[in-house]
Amino acid sequence: MKIVGLMSGTSYDGVDVVAGEFTLDGDTLRLRPLGHRELAYPDDLRARIEALLPPAATTVEAVCRLDNRLGEVFAEAAAVGVELAGGAVDAVVSHGQTVFHWVEAGRVRGTLQLGAPARVAARVGVPVLHDLRSADVAAGGQGAPLVPAFDALLLDPAVGAAPRAALNLGGIANLTVVAPGAPVLGYDVGPANALLDAAARRFLGRPCDVDGARAAAGRVHGALLARLLAEPYYAAPPPKSTGKELFHGGYLDAALAALGEPVAADDVLATLTELTARTVADACDRHRVTEVVAAGGGVRNPTLRARLAALGVGRWRLRTTDELGVPAQAKEAYAFALLGWLSWHGLPGAVPSVTGASRAAVLGSWTPAGPAFGAPTPAPPRRLTVSS
């Protein structure tokens with residue numbers, strides 16, 4: 001079965017597109033990657049997403065307009081995925097763009113992803129799976145993270161005797177821990193690129209600190225780091241999830257204002273890099289993992305990656321999913337393609353031990369595409385009769 005996966009994360013910088021072929025061989029599911037592409041959002045679309053995200057106020061009109069604009073972008077991305085697959089696929093999985101994750105007192109009440117799936121189905125002519133998080137939320141779960149289903153299969157706990165972890169460094173850092181004889185554990189650790197990118201926009205006028213170069217030129221500001229590490233979210237036990245509803249530009253502004261002293265831009269970036277590395281390393285140490293397999297945009301930041309590796313010396317080694325055949329920049333999109341395969345076959349994709357749900361939910365809603373393009377269709381009916 002050939003599936004296209006589309007993923008746009010909390011960094012909202014673009015769409016990761018993958019195509020993969022899944023084949024079931026006994027109790028082993030084989031994935032053959034067929035290609036991946038990164039499609040950047042234009043600047044005006046990034047600005048429209050940012051303007052709608054919390055804590056900004058918005059309108060239903062703005063949500064509707066953005067939903068359909070994103071649907072056009074995802075439709076084109078899906079067409080690229082079909083090309084990567086050789087011209088024909090069975091389904092598309094479109095995660096959409098998360099614009100709100102409703103959390104109250106540690107419990108997720110709802111979640112919203114935009115991306116007009118009907119536009120995607122109309123463009124490529126195959127069924128589209130979307131709204132993947134709501135079924136887990138309805139079952140009492142966090143609706144996130146969902147990638148641990150992929151991680152648990154990729155990092156087979158039967159291989160080796162020690163716990164291992166999969167780490168995704170997107171806007172938010174997610175950790176999955178697999179260990180022999182133990183339930184899969186996974187949760188959002190905290191910000192990975194979310195605050196770093198907010199600082200880059202605020203101080204550098206750029207979407208990110210390329211290669212962590214400015215962070216590398218700065219020094220960690222001890223008082224700022226201590227204030228950031230005091231965030232109650234880090235001490236909360238899993239299951240837990242977070243996003244830019246908490247870790248946004250205003251959150252950083254408030255932390256800097258509370259210091260009562262100026263902090264140089266490079267020092268802010270160095271401190272935020274240390275925050276991400278420290279919170280991730282603390283989580284890895286807490287679960288006594290011996291190996292961390294990383295993916296996501298943060299892997300391309302050599303300053304962050306080097307700091308993580310340094311913190312793990314003597315306890316765990318850092319590697320990337322590229323060594324396992326999964327491109328680090330496309331892992332999440334491949335994970336959602338896998339969730340599409342599971343849903344297509346009526347199998348659950350959420351892991352209750354990760355999300356806290358009362359049951360393992362089959363994820364997503366399917367938008368049908370109608371008859372395949374070029375297929376014969378019946379003549380339209382002229383009347384309806386009712387039989388008793």
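Is Thr279 buried or exposed? I started my notes there, and Thr279 turns out to be buried, with a relative accessible area of 7%. For my own record, buried means under 20% relative accessible area, exposed means over 50%, and partly exposed is in between, with a 1.4 Å probe and protein chains only.

**Ground rules**

I am working with a predicted model, where local features need pLDDT of at least 70 and side-chain atom pairs count only at pLDDT 80 or more, while totals for chains, interfaces and linings use all residues. Residues are numbered from 1 along each chain as its sequence is written, and side-chain values use heavy atoms, with hydrogens and water left out.

**More on Thr279**

I placed Thr279 in helix H11, which covers residues 265-286. Helices here are DSSP runs of H or I with at least four residues, strands are E runs of at least two, and both are numbered from the N terminus. I then looked for what Thr279 touches, skipping residues up to four places away in sequence, and found Val189, Leu229 and Tyr234. Contact means heavy atoms within 4.5 Å. The Thr279 side chain also reaches the backbone oxygen of Thr276 at 3.1 Å.

**The whole chain**

I stepped back and found 14 helices and 12 strands in the chain. The radius of gyration is 21 Å, close to the 21 Å that the globule rule gives for 388 residues, so the chain is as compact as a globular protein of that length. That radius is taken over C-alpha atoms, and the rule is 2.2 Å times the number of residues to the power 0.38. The C-alpha atoms fill a box of roughly 75 × 50 × 40 Å along the principal axes.

Of the 388 residues, 52% are buried. Looking at contacts with a separation of 6 or more, I get 69% from residues 24 or more positions apart. The accessible surface comes to about 17,000 Å², and 55% of that belongs to carbon and sulfur atoms. Those areas come from the Shrake-Rupley method with a 1.4 Å probe.

I checked charges too: the mean positions of the 35 positive and 37 negative ones are 2 Å apart. Lys and Arg count as positive, Asp and Glu as negative, and His and the chain ends are not counted. Each charge is placed at NZ of Lys, CZ of Arg, CG of Asp or CD of Glu.

Which peptide bond has omega near -15°? I found it running from Ala144 to Pro145, and it is cis. Pro145 sits in the loop between helix H4 (134-138) and helix H5 (148-154). The bond from Pro238 to Pro239 is cis as well, with omega near 5°. I located Pro239 in the loop between helix H9 (232-235) and H10.

Ala116 has phi near 35° and lies in the loop between strand E5 (107-114) and helix H3 (117-124). Ala116 is buried at 9% relative accessibility. Arg288 has a positive phi of about 55° and lies in the loop between H11 and strand E10 (291-295). Arg288 is exposed, at 69%.

What does the side chain of His130 make a polar contact with? The partner is the side chain of Thr367, at 2.7 Å. A polar contact is a pair of N or O atoms within 3.5 Å; within protein, one must be able to donate a hydrogen and the other to accept it, and residues adjacent in sequence count only if both atoms are side-chain atoms. His130 lies in strand E6 (residues 128-130) and counts as buried at 18%. Beyond four places in sequence, His130 touches Ser94, Pro117, Gly364, Ser365, Trp366 and Thr367.

Trp366 came up again when I looked at Trp344, whose contacts beyond four places also include Met1, Asp90, Ala91 and Pro127. Trp344 lies in helix H13 (residues 331-344) and is partly exposed, at 39%. Pro127 is 217 residues from Trp344 along the chain, yet their C-alpha atoms are separated by 10.0 Å.

Glu72 is in helix H2 (residues 60-84) and partly exposed at 38%. I get 7.9 Å between the C-alpha atoms of Glu72 and Gly115, which are 43 residues apart in sequence. Ala257, in helix H10 (residues 249-259), is exposed at 60%.
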